[in-house]
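Please open the structure in a viewer and keep the selection tool at hand.

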Amino acid sequence: RFKGTTALKRKINPTRVPIEQKESMGVFELKVLQDGIPDAAYKPLTGDDKETAKYYLKANRDATAGQGGFDFGTGQVAMPEMKPLALDFSGFRDLPEDTVEQIGAKAARFKELRKGQAFVRATAAANLYVAAFLLPKTGGAPAGASARTVPTTEELWLALNQGKIRNAMMDAPKAARRARAFHWPLEFPDVMQRGGFDVVVGNPPWEVMQLKEEEYFAKLLPEIAALTGDTRKRAIADLNKTKPVAHDSFVQAKRLSEAANEFARNQERFSLSSSGKLNTYSLFAELFLNLIGKDGWAGIVVPTGIATDAMSSAIFSALIERRKIRSLFSFTNDIYFSQLGLGGNQFCILTLSPSISKPISMASGLTEVSQVFEPSRLYELDAEKIERFNPNTKNGTLFRSSADAYIFAKLFDTAPIFDRDEGGSAWHVVFRQGLLNMTTHSRLFKTAKQLRSEDATSQGLTWTKAILGGSERYVPLVEAKTFHQFDHRWGTFTDNEEITSIDKSSADSATEAMPRYWLRKDFVDDVLSERKWQKDWLLAWRFSANPQGYRTMISAVLPRFAAPHIVPLMFPAECSADLCACLIANMNAITLDYVVRQKMARQGLDIFIVRQLPVFPPDFYTEPRLTFITPRVLELTYTSHSLAPFARDLGHDGPPFAWDEDRRAHLRADLDAFYARAYGLTRDELRYILDPADVKGPDYPSETFRVLKEKEIRQHGEYRTRRLVLAAWDRMEANGEFAEMGM
């Protein structure tokens, strides 16, 4: 039953193939030879001559349209008869190999089979098919068909039907062999003929199929690797004069990388995994699925990102919808792959089969294989739940325990998705990755030293510079390190551009967070006007979030300043200030933070994650609820004069609120208790979110806010947040506040 498995193990060694070509190259079904070479093979790549590529594109189209000037006698493209070859290979695998003589006889039979006419012709045609993508299109149009060096469909069909390869074309098969092109129906004709393997198991490479200039030159020419952006590109171009050999090698490597990408994007077997930036592990996952027969199984070790990352959502959602996944068990890197330097990324054991009728068995955060048998860690998800959690991207969500899976589903039953692709958002919200890019817009940045040298004058946080006919105003660039939850003054930059925290106990409302850079105000106004945002404040969160940190969703109201791409912004259209205050309160609620942590498999709080959070819509906020939330957010937020516009929009004309750490902790506890109740949690479920060990015992596999707990025990001698939030819940339950707000 497992003959195919044995053969596969012997033939495949993907670690020996160049990263940019691993297993994306090769013919998977011989019918593609009958259809001819796709036009995508002649797309001009790095180093190609556009006119030469255009010539071969036309020649290929002429051949497939029957204008190639050749005839096979019947006028039809005839495939070699492969069924007898499949039978011969099946008999070959049954030959014994118990003695040296038997092994020698089996090896001789193997060589004999590969010399047969059908095998030789199909192999030659398959190599020409691959070579059409790989070979450079240079040198101009050849004198005639016999002088072509790049295969077209005409050359492929000549090899397929007559076994002929023109002399000028002899380098083409070599190019395919150098790329280690692997043709499955020729390497395993018997297995592929019967529908596929019984079992396929593997740990493929985990590499983005894109040549990175920095990595390529790191050892070859480190001085170029150290450069960035356009400066590096110019230095590489200059190599054509100073070091032509190095330049040509780079061009060839880049071209081969691009060719492998084009090949993968034009193969039916990679229809699910070839969108966006290609990664070898996604390609292999789809390949493994295609390799198994109708009753077969595939087991593959891949990054957990195949389930959780947006760029893998096409293949993962398709596997879910078509019921191809039997189990997914996710492990940390601390033990098994720690030497690879993969940081916080996890890997998983993914089991696939053509037809699965049961929900998917899942577990996450594992450190030992034996843990997959622990009931507290195991849970099941079906396609409906997975889509409900991530309706836009259709990617998966992983949980550390069965209790987490249960509570998570409950939260999504209570509040709608923030912003759906289909159906939109009740907030009519628009998201943007800041207002500028820290790299591409760096030329616009000014330091305080530069502004002084240009005779600009400062007033508070802004600078004014006289210009011909008027003046220019400069406003701060807010960076992620300068704000935190309900706090736009988390950190400040010193004169030597180092970040330091602001001591709020001694700071007053005149103390502001000083930026590292300033930008022209008209630039900021122009970008915001494109979003039709007229308010003098912004709603933001930190992209640079950590699912294991003491808080993950860090959202704040910011002054109307510049924001880089690592400070994503929300623009809820036609949203009043009091509703925006509620939105910020919802974002910073510890219950929603719990949801965010389950959704993040790595660092970086992307917009696609935030859009798919369960966030209460504007009509949730009745008058009693607004009365409860708005003054608390106002007091937490309005602590310096730079946010006076936000306070005025909330109807507050007084001075900023003094920073009182103890009072702020109670205000936040009130909001956390409010949202826990709004999400339909019981008190014990809230206790679990705050600290699973408090409910399930110290050995339970989940953890939620461990770092927060440890930090507060060091600072306050207790887990203060847990005490205050539960106390707020009990008070609001006892005095009827929950009931008054309809909860």
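A residue is called buried when its relative accessible area is under 20%, exposed when it is over 50%, and partly exposed in between, using a 1.4 Å probe and protein chains only. The model is a predicted one, in which local features need pLDDT of at least 70 and side-chain atom pairs count only at pLDDT 80 or more, while totals for chains, interfaces and linings use all residues. Residues are numbered from 1 along each chain as its sequence is written, and side-chain values use heavy atoms, with hydrogens and water left out.

**Charged pairs**

Side chains of opposite charge can pair when their charged atoms come close. A salt bridge is counted when a side-chain nitrogen of Lys or Arg lies within 4 Å of a carboxyl oxygen of Asp or Glu; by this rule there are 52 salt bridges.

Select Glu154 and Arg166 to begin. Their side chains meet in a salt bridge with an N to O distance of 2.9 Å. Glu154 is in helix H7 (residues 153–162) and Arg166 in the loop between H7 and helix H8 (171–178), so that the pair links distant parts of the chain, twelve residues apart. Helices (H or I, at least four residues) and strands (E, at least two) are DSSP runs, numbered from the N terminus. Glu154 is buried at 4% relative accessibility, whereas Arg166 is partly exposed at 23%.

Next, select Arg109 and Glu112, which form a salt bridge whose closest N and O atoms are 3.2 Å apart. The two residues are three apart in helix H5 (residues 100–113), and therefore about one helical turn separates them. Glu112 is partly exposed, with a relative accessible area of 49%.

Proceed to Arg114 and Glu187, where the closest N and O atoms of a further salt bridge are 3.4 Å apart. Because Glu187 lies in helix H9 (residues 184–187) and Arg114 in the loop between H5 and helix H6 (117–134), the pair ties together parts that are 73 residues apart in sequence.

**Around Glu635**

Select Glu635 in helix H25 (residues 623–637). This residue is buried, at 16% relative accessibility. The side chains of Glu635 and Arg663 make a polar contact at 2.4 Å; a polar contact is a pair of N or O atoms within 3.5 Å, where within protein one must be able to donate a hydrogen and the other to accept it, and residues adjacent in sequence count only if both atoms are side-chain atoms. Between C-alpha atoms, Glu635 and Arg663 are 9.8 Å apart in space, and they are 28 residues apart in sequence.

**Aromatic rings**

A pair of aromatic rings is described by the distance of the centres and the angle of the planes. Rings of Phe, Tyr and Trp (its six-membered ring) pair if their centres lie within 6.5 Å; planes under 30 degrees apart count as stacked, over 60 as edge-to-face and the rest as tilted. The count comes to 40 aromatic pairs.

Select Phe418 and Phe431, an edge-to-face pair at 5.5 Å centre to centre, with 90° between the planes. Phe418 is buried at 1% relative accessibility, and Phe431 is buried at 13%. Then select Trp533 and Phe571: the ring centres are 5.4 Å apart and the planes are at 65°, so this pair is edge-to-face. Trp533 and Phe571 are both buried.

Which residues form one aromatic cluster? Select Phe616, Phe620, Tyr621, Phe628, Phe674, Tyr675 and Tyr679 to display that cluster.
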